[in-house]
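Look at the sequence and the structure shown next.

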Amino acid sequence: MGGLITRSIGTSVAAMKEHEAGLRAGIDPDHVRTTSVAVRRLRSILRNLPDFLQAEKTGRLRADPRPFHAGRSGARAAA
């Protein structure tokens, strides 16, 4: 799942960079539209990223809680 997010962010940033010169020139409205779509997608990804990270962390803790407890003071190490 992390690869999908990384790829999505990379795609949005690449689209913004690709159309940056045309956007600044303001000649072709397609540059504005494409950049606008890329910005909306990037904002959506970043807005939902904390939820994804929390779910990822929760999933790891459910799978194996020992790394979480090992770093806490007063917790006994798992045998």
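Asp-30 has a relative accessibility of 33%, so it counts as partly exposed (buried means under 20% relative accessible area, exposed over 50%, partly exposed in between, with a 1.4 Å probe and protein chains only). In this predicted model, Asp-30 forms a salt bridge with Arg-33, and their closest N and O atoms are 3.2 Å apart. A salt bridge here is a side-chain nitrogen of Lys or Arg within 4 Å of a carboxyl oxygen of Asp or Glu. Side chains of opposite charge can pair when their charged atoms come close.

Asp-30 and Arg-33 are three residues apart in helix H3, so about one helical turn separates them. Helices (H or I, at least four residues) and strands (E, at least two) are DSSP runs, numbered from the N terminus.

## The other salt bridge

The structure holds two salt bridges. Arg-24 forms one with Glu-20, where the closest N and O atoms are 2.9 Å apart. Arg-24 and Glu-20 are four residues apart in helix H2, and are therefore separated by about one helical turn.

Arg-24 is exposed because its relative accessibility is 67%. Glu-20, at 35% relative accessible area, is partly exposed.

Thr-35 belongs to helix H3 (residues 29–63). Is Thr-35 buried or exposed? Its relative accessible area is 9%, so Thr-35 is buried. Leaving aside residues up to four places away in sequence, Thr-35 touches Met-16, His-19 and Leu-23; contact means heavy atoms within 4.5 Å.

Lys-17 is part of helix H1 (residues 2–18). With 61% relative accessibility, Lys-17 counts as exposed. Lys-17 and Thr-35 are 18 residues apart along the chain, and their C-alpha atoms are separated by 8.6 Å.

## The chain as a whole

The protein chain has four helices and zero strands, which gives the pattern α-α-α-α along the sequence. Of its 79 residues, 15% count as buried.

## Confidence and conventions

The average pLDDT (the predictor's confidence in each residue, from 0 to 100) of the protein chain is 77, and 72% of the residues score at least 70. Where pLDDT is low, the predicted coordinates should not be read in detail.

Residues are numbered from 1 along each chain as its sequence is written, and side-chain values use heavy atoms, leaving out hydrogens and water. Local features need pLDDT of at least 70 and side-chain atom pairs count only at pLDDT 80 or more, while totals for chains, interfaces and linings use all residues.
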